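Colleague: Could we go through this model together? I would like to begin with the overall picture and then look at details.

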Amino acid sequence: AWDADQRRGVVVRDPFGVRPLYVAQVAGAVLFASELKSILASGLVAVDLDYAAIEIFLDLGYVPAPFTPLLGVRKIRAGHLALVDRARLGPQSPVWEFPVPAARRESAARVEDRVFDALDDAVARYAAVTERPGVMLSAGLDSALLLALLRRHTRAPVTGLTVGFADTPTANELSGSARVATALGARHRTVTLSLERDAISVSDLVWLVDEPSADLSALGYGVLARAAAGEVDVAFSGLMADSVFAADTA
């Protein structure tokens, strides 16, 4: 939000940190974007490494907010905001917190009902705007629940999309996701990736994810996203579900 008359504004990241929000203070301006490459495209930020952030990455396997690999760029924390006053970026402050005290006063069953109702409503709203729905399907609870709710709210054929790794057959979820798809009456589209035989473009991956990550699941997810583009027009994913239940995000 920006007030042109007062030259004041605010940048806010969503409560769960679903998308990054990068900010940079430069001479006479504040830059912000959801991708680090967009900040760099301005040509106004020096490409100086933040060695403290890199040390954190080597310890955790990712770069947590507010750090980035670059010294001149920060990330807004999930559920935080920063004020911009006449091209000056203020400190980050929390704008949203989980209502833990209120939740503690409620029974566990009531909390579960509220969570389920909110999820059910979200799926119903998105199901209403797609004729080719799909779910990024694993053998886990999150995506199985999304698929079950989607089948409830649409008459259109639903596609479950799963990626597996040929080099680690015991670790992938192809067979489990196939059982879920069959049980819920969905079509099942699978993509099998071999890290040994398939050509993996590291440069493409770096371009997409912006920051270093020790989690190679991004390789499979990128391949699956490309497959989904030809199969469905809306793809549901439970990828951030852990964050809803108070796990930290980058």
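Colleague: What percentage of the residues in the chain is buried?

Modeller: Please keep in mind that this is a predicted model. Buried residues account for 34% of the 250 residues in the chain.

Colleague: And how many helices and strands are there?

Modeller: The chain contains nine helices and eleven strands.

Colleague: What about its accessible surface?

Modeller: The accessible surface of the chain is about 14,900 Å². Carbon and sulfur atoms hold 57% of that area.

Colleague: Which share of the contacts with a separation of 6 or more joins residues 24 or more positions apart?

Modeller: Such pairs provide 63% of those contacts.

Colleague: Let us turn to the sheets. What is the strand order in the open sheet of three strands?

Modeller: The order is β4-β3-β5, and the pairing is antiparallel. Because β4 (29-33) and β5 (74-75) are at the edges with a single partner strand each, one side of each has no neighbour in the sheet.

Colleague: How many bridges join β3 to β4?

Modeller: Strand β3, residues 22-26, is joined to β4 by five bridges. Within this antiparallel pair, Gln25 has Val30 of β4 as its bridge partner.

Colleague: I noticed Lys75 in β5. Is that residue buried or exposed?

Modeller: Lys75 has a relative accessible area of 2%, so it is buried. Its side chain reaches the backbone oxygen of Val63 at 2.9 Å.

Colleague: New topic: β8. Which way do its residues point?

Modeller: Strand β8 covers residues 133-136. Pro133 and Val135 point one way, while Gly134 and Met136 point the other way, and all are buried.

Colleague: Which strands does β8 pair with?

Modeller: One is β11, residues 234-236, which pairs with β8 in the parallel sense over three bridges. Val135 has Phe236 as its bridge partner in β11. Another is β9, residues 159-165, which also runs parallel to β8 and is joined to it by three bridges. There, Met136 stands opposite Leu161.

Colleague: Where is Asp142, and how accessible is it?

Modeller: Asp142 is in helix α5. Its relative accessibility is 36%, so it counts as partly exposed. Asp142 and Ser237 are 95 residues apart in sequence, and their C-alpha atoms are 8.2 Å apart in space.

Colleague: What is Phe236 in contact with, leaving aside its neighbours within four places in sequence?

Modeller: Phe236 is in contact with Val123, Tyr126, Ala127, Gly134, Val135, Met136, Leu146 and Leu150.

Conventions
Residues are numbered from 1 along each chain as its sequence is written. This is a predicted model: local features need pLDDT of at least 70, side-chain atom pairs count only at pLDDT 80 or more; totals for chains, interfaces and linings use all residues. Side-chain values use heavy atoms; hydrogens and water are left out. Helices (H or I, at least four residues) and strands (E, at least two) are DSSP runs, numbered from the N terminus. Buried means under 20% relative accessible area, exposed over 50%, partly exposed in between (1.4 Å probe, protein chains only). Contact means heavy atoms within 4.5 Å. Accessible areas come from the Shrake-Rupley method with a 1.4 Å probe; for residues, only the protein chains shown count as cover. Two strands pair if DSSP finds at least two bridges between them. A polar contact is a pair of N or O atoms within 3.5 Å; within protein, one must be able to donate a hydrogen and the other to accept it, and residues adjacent in sequence count only if both atoms are side-chain atoms.
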